[in-house]
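Subject: Structure handover

Hello,

Here is the structure we talked about. Please open it alongside this note; my findings follow below.

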Amino acid sequence: QLQLVESGGGLVLPGGSLRLSCVVSGFNLDDYAIGWFRQAPGKEREGVSCISRSGGRINYADYTDSVKGRFTTSRDNAKNTVYLQMNSLKPDDTAIYYCAASYTSSSYCEFVNYPYWGQGTQVTVSS
């Protein structure tokens, strides 16, 4: 059974940092691109970052413009875990954050076609 479980969310002051983790089970992480998405109250879900499957152009990553230079995604296949390091957090980053998986042969990643999702973790940036 394919499963993704996020953790690491919480309440943080503006300018602070959090690291989200996405632990996967039931599938070979090497073969999947992993995306991070977020949804704030009253807003549509948006793609935050993604990281490519292993092999080829290893660890290609992409980010939405609003988080470039502040967020970094990485993967540790030995631990079946993908991370989202979030620095210089802003109140606008407040949302539920989800990780999602997409089986792909591509060496790149994008923010569409993710059929498998975790349950989400709340991130609140507030003073």
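**Cysteines, strands and a pocket**

Cys-99 has 0% relative accessibility, so Cys-99 counts as buried, the cut-off being under 20%. Bear in mind that this is a predicted model.

What does Cys-99 bond to? A disulfide joins Cys-99 to Cys-22, with an S to S distance of 2.1 Å. Cys-22 lies in strand β3 (residues 18-25) and Cys-99 in strand β9 (residues 95-103), so the link ties together parts that are 77 residues apart in sequence. The torsion about the S-S bond is about 70 degrees, so this disulfide is right-handed. Cys-22 is also at 0% relative accessibility and therefore counts as buried.

How many disulfides does the structure hold? There are two. The other joins Cys-50 to Cys-109, again with S to S at 2.1 Å. Cys-50 sits in strand β5 (residues 46-51), while Cys-109 sits in the loop between β9 and β10 (116-117), so this pair ties together parts that are 59 residues apart in sequence. With 75 degrees about the S-S bond, the link of Cys-50 and Cys-109 is right-handed. Cys-50 has 0% relative accessibility and counts as buried. Cys-109 is buried with a relative accessible area of 10%. Take the bonded cysteines in sequence order and the pairing reads 1-3, 2-4.

Back to β3, the strand that holds Cys-22. Which way do β3 and strand β1 (residues 3-7) run? They are antiparallel, joined by five bridges. Within this pairing, Val-5 has Val-23 of β3 as its bridge partner. β3 also pairs with strand β8 (residues 81-86), in the antiparallel sense and over six bridges. There, Arg-19 has Gln-85 of β8 as its bridge partner.

Last, the pocket. The largest pocket holds about 160 Å³ of space. Which residues line the largest pocket? Its lining runs through Arg-38, Gln-39, Ala-40, Lys-43, Glu-44, Glu-46, Ser-66, Arg-70, Lys-90, Asp-92, Asp-93 and Thr-94. By class, the lining has eight charged residues, three polar and one nonpolar.

To recap for your own pass through the model: there are two disulfides, paired 1-3, 2-4. β3 has antiparallel partners in β1 and β8. The largest pocket includes Arg-38 and Asp-92 in its lining.

Best wishes

Key
Residues numbered from 1 in each chain as written. Predicted model: local features only at pLDDT ≥ 70, side-chain atom pairs only at ≥ 80, totals over all residues. Heavy atoms only, no water. 1 Å grid on protein atoms, 1.4 Å probe; cavity = no way out; pocket = protein on both sides within 12 Å on 5 of 7 lines; lining within 4 Å. Points joined across faces, edges and corners; volume = space filled by probe spheres on them. Nonpolar A, V, L, I, M, F, W, Y, C, P; charged D, E, K, R; others polar. Disulfide = S-S within 2.5 Å. Helix = DSSP H or I, 4+ residues; strand = E, 2+ residues; numbered from the N terminus. Buried < 20%, exposed > 50% of the residue type's maximum accessible area, 1.4 Å probe, protein only. Pairing = 2+ DSSP bridges.
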